[in-house]
Amino acid sequence: MLTIDLSAIADNWRAIAALSAPSDCAAVVKANAYGLGMARVAPALWRAGARNFFVAHLSEGLELRALLPEAIIYVLNGLLPEVADVYADADLRPVLGSAPEISDWSDLCRDRNTSLPAAIHVDTGMHRLGLSLEEAVQLSGTFRLLGFTPSLIMSHLACADMPGHVLTARQRMIFADVVRRFPGVPASLANSAGTLLGRDFRFEMVRPGIFLYGGVAIAGVPPLQPVVRLEAKVIQVLSAPAGETVGYGAVQRLKRPSRLATVAIGYADGLFRAGGSSDMVKGAEAILAGRRCHLVGRVSMDLATLDITDLPEQAVERGDTAVFLGDGIGVDDLAARSGTIGYEVLTSLGARYARRYVGG
Ligand SMILES: *Cc1c(COP(=O)(O)O)cnc(C)c1O
């Protein structure tokens with residue numbers, strides 16, 4: 001059972017919006033709102049006051065448009081060939097990151113005899129998407145002739161989660177220089193981590209994602225309110241003698257006579273296989289009968305086993321609930337035990353759970 005707290009998401013958005021004012025606070029809802037369900041999350045953010053939204057794919061933009069007829073929706077991945085009309089018809093704003101994308105949008109605006117808003121993405125050092133600096137400078141001389149007025153000029157930070165990284169300062173300087181060349185066009189640089197770096201990074205709009213969903217943006221900076229609770233049922237309680245092994249591959253040998261609880265959750269549900277335990281590493285934890293218990297052995301597709309030897313005899317029964325996220329276990333705790341980041345934990349939470357939305 002996955003419980004998603006829409007009030008917590010709304011509160012988190014309001015907290016970042018208050019921190020960022022007078023900059024606008026957008027909401028990033030790509031990848032199905034980081035796996036939590038855009039259909040419920042986006043309207044909750046709208047009710048909290050968010051007006052600008054970012055998704056990654058055109059298909060996500062179309063889905064969001066149906067949910068929020070009045071929202072401003074930017075599509076980060078921009079224009080593939082021959083889709084400009086689809087954007088325009090759904091009032092979506094592409095984030096244009098190359099000369100061919102810009103020329104497609106210009107052509108469309110000329111064909112329709114109207115200036116339709118779009119963002120321009122400038123690469124300030126991440127080298128993933130965006131116009132090169134030379135292209136941006138060149139464009140700045142002629143952008144009034146484009147056939148449309150850019151509604152936003154943006155870039156993305158590669159290392160905002162690593163305070164003091166030299167690349168972050170360099171990207172900010174380069175971006176500030178580019179922005180000056182586009183007078184009157186609002187600018188946006190910061191994701192969640194960038195927003196926390198201070199006023200200098202916020203420009204006219206910030207674009208938080210992970211912080212809305214209760215994840216850690218910068219190591220050591222506490223997240224906002226937790227948003228997800230992940231529970232699974234114990235389906236069998238069993239014992240095994242010392243020297244035996246548990247699970248696929250027999251990668252963990254029991255050091256003592258053990259009591260075990262096998263739970264109906266596995267990697268198909270987003271409990272990473274890398275979060276399992278072995279003789280070498282202690283894997284992820286869950287709370288059972290009020291106590292933290294470690295996984296024993298590998299995580300299977302549909303099952304995982306917890307060591308309950310330290311709990312009182314009879315403390316755990318078939319049908320009890322184990323908490324994998326919640327009650328003090330955050331998405332980043334589970335991520336750390338699984339060799340990944342909170343973002344991947346959230347976006348991997350499988351579609352198999354019963355989902356329950358509370359609040360909002
Ligand atoms: C995903 C994304 C964000 C949001 O990032 P968080 O780290 O989740 O806040 C912002 N901007 C761009 C371009 C993104 O791709």
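**Ground rules.** I worked from a predicted model, in which local features need pLDDT of at least 70 and side-chain atom pairs count only at pLDDT 80 or more, while totals for chains, interfaces and linings use all residues. Residues are numbered from 1 along each chain as its sequence is written, and side-chain values use heavy atoms, with hydrogens and water left out.

**Overall.** I looked up the secondary structure and found 11 helices and 19 strands, taken as DSSP runs numbered from the N terminus (H or I of at least four residues for helices, E of at least two for strands). The C-alpha trace spans about 75 × 40 × 35 Å along its principal axes. Of the 360 residues, 53% are buried, where buried means under 20% relative accessible area, exposed over 50%, and partly exposed in between (1.4 Å probe, protein chains only).

**Helix α1.** I checked the length of α1, residues 6-20: at 1.5 Å a residue its 15 residues should span 21 Å, and the end C-alpha atoms are 21 Å apart, which agrees; the expected span is 1.5 Å times one less than the number of residues. At the start of α1, a side-chain oxygen of D5 comes to within 3.0 Å of the backbone nitrogen of S7. I listed the buried residues of α1 as L6, A8, I9, A10, N12, W13, I16, A17 and S20. An α-helix has 3.6 residues a turn, so residues three or four places apart point the same way.

A cis peptide bond joins A21 and P22, with omega about 10°, and P22 lies in the loop between α1 and β2 (24-25).

**Ligand.** A ligand nitrogen is 3.5 Å from a side-chain N or O atom of H156, a ligand oxygen is 3.2 Å from a side-chain N or O atom of N191, and a ligand oxygen is 2.8 Å from a polar backbone atom of G209. Taken alone the ligand exposes 390 Å², of which the protein buries 93%, with areas from the Shrake-Rupley method and a 1.4 Å probe.

**Positive phi.** I noted that N32, in helix α2 (residues 30-34), has a positive phi of about 55° although it is not a glycine; N32 counts as partly exposed at 36% relative accessibility. E82, likewise not a glycine, has phi near 65° and sits in the loop between β5 (72-75) and α5 (84-89), where E82 is exposed with a relative accessible area of 80%.

**Pairs across the chain.** A286, in strand β15 (residues 285-288), is buried at a relative accessible area of 0%; A286 and A322 are 36 residues apart in sequence and 6.0 Å apart in space, C-alpha to C-alpha. V178, in helix α8 (residues 166-180), is buried at 2%, and its C-alpha is separated by 54 Å from that of V251, 73 residues apart along the chain.

Note on methods
Polar contact = N/O pair within 3.5 Å; in protein donor to acceptor, adjacent residues only side chain to side chain.
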